[in-house]
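Hello, and thanks for passing this one along.

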Amino acid sequence: MIGFQMLNYASPSWIKPCTFIPFLVSPDAASVAGKNYSMVYEFIIVGFSNFPQHLLPAFFLLFLLMYLFTLLGNLLIMATVRSQRRLHTPMYLFLCALSISEILYTLAIAPRLLTDLLSTCHTITFMACASQMFFFTFGFTHSFLLTVMGYDLYMAICHPLWYNVLMSPRTCARLVFWSWAGGSIMGMMVALIVFHLTFCGPNEIHHFGCHALSLLKLACGKETSSVTLGVVLVCVTALMGCLFLIILSYVFIVATILRIPSAEGRHKTFSTCVSHLTVVIVHYSFASVIYLKSKGPHSMDNNTLKATTYTAFTPFLSLIIFSLRNKELKNAIKKSFQRKFSPLSS
């Protein structure tokens, strides 16, 4: 028999306006291990609610500034590359695809995070949570695009004579397409696997969003542990596979650079890789933080702070690194501003 049941376990004081969360009782859920269970169709995002209240405005301002900087900066990069014909090269095509990925990634996470920092009601519906989890996996698209950019550098440095043939516009478009397709497939697969499980309560997500690992802790049933292991293995395999290909590309790149006779030539060639290599280090360093477990009484709060390094700081730092280290892009942005605001002088 299907009915409704009120929340019957203790909840923190900060969710008082949302205390009465209905549960949907189903025969399948109730039959798990012969116990009475309730199927959750709403979740409560804990996020930063356990932090001191006087810190929340500072968190809000910090994340808002980073979000606006990331959004406007990536839009500026895309507009500059589109308007400057000399930037219509594979490297900047991949950079534009990376900018689109970061915009969608932050757009799915940052507005909800900013809203929860100011709101007292932190509930999220089942479908909204599944959608956010799907966009969370744009981090995989980010990894795939970084791998493609590493391959582009490998072709440019190790096979310069064949570069224009092997990295044609059609080939670059295909690489971007498959990077996006791979990230979308990963996101869809993880979301379907996680939300195929039964959630019996509690329904508090100790994260500022619907992250897969946080949701798997709330699932019930005999298959939960095997599904958790499978999701972790799939995610880690995808990330480590991309990292292995990037490292392999740099092995050949370094071997080629070392064969250049002049020190100036080696320095000039390696400088073209610095931005990409730095972003790769930042991306994988912050991604690895998510899988490190904290010990102690404040581990949940520490996990929330750790998650911000990957979801908020990585797009922010990637934008700074690519824009500040690329002189050609900086000059193109300056010229675009000059043409926009000083048409007579240009």
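This is a predicted model: local features need pLDDT of at least 70, side-chain atom pairs count only at pLDDT 80 or more; totals for chains, interfaces and linings use all residues.

**Notes on the helices and a few residues**

1. Let's begin with a helix pair. Helix α4 (residues 126-136) packs against helix α7 (residues 169-195) at an angle of about 145 degrees, and their axes are 8 Å apart. The crossing of α4 and α7 is right-handed.

2. Helix α2 (residues 56-83) and α3 have axes 9 Å apart and pack at an angle of about 155 degrees. Angles over 145 degrees count as roughly antiparallel, which is why α2 is described as roughly antiparallel to α3. The crossing of α2 and α3 is left-handed.

3. Which residue pair forms a salt bridge with its closest N and O atoms 3.1 Å apart? The pair is Arg112 and Asp116, and the structure holds 1 salt bridge. Both residues belong to helix α3 (residues 90-118), and because they are 4 residues apart there, about one helical turn separates them.

4. Next, the connection between the two helices of point 2. Thr89 sits in the loop between α2 and α3. Is Thr89 buried or partly exposed? With a relative accessible area of 31%, Thr89 is partly exposed. For a distance check, take Thr89 and Asn164: they are 75 residues apart in sequence, and their C-alpha atoms are 9.9 Å apart in space.

5. Ser214 is part of helix α8 (residues 212-216) and counts as buried, at 11% relative accessibility. Which residues does Ser214 contact once its neighbours within four places in sequence are left aside? They are Ile205, His206 and His207.

6. The other serine is Ser249, found in helix α9 (residues 224-258). Ser249 also counts as buried, with a relative accessibility of 11%. Not counting residues up to four places away in sequence, Ser249 touches Gly150, Tyr151 and Tyr154.

7. Finally, the chain as a whole. The protein chain has 12 helices and 8 strands, and 48% of its 346 residues count as buried. Among contacts between residues at least 6 apart in sequence, 74% join residues at least 24 apart. The accessible surface of the protein chain comes to about 18300 Å², and carbon and sulfur atoms account for 70% of that area.

Notes. Residues are numbered from 1 along each chain as its sequence is written. Side-chain values use heavy atoms; hydrogens and water are left out. Buried means under 20% relative accessible area, exposed over 50%, partly exposed in between (1.4 Å probe, protein chains only). Contact means heavy atoms within 4.5 Å. Accessible areas come from the Shrake-Rupley method with a 1.4 Å probe; for residues, only the protein chains shown count as cover. A salt bridge is a side-chain nitrogen of Lys or Arg within 4 Å of a carboxyl oxygen of Asp or Glu. Axes are lines fitted to C-alpha atoms, for helices over the stretch in contact, and angles run from 0 to 180 degrees between N-to-C directions. Angles under 35 degrees count as roughly parallel, over 145 as roughly antiparallel, 65 to 115 as roughly perpendicular and the rest as oblique. A crossing is left-handed if the near helix is turned anticlockwise from the far one by less than a right angle, and right-handed if clockwise.
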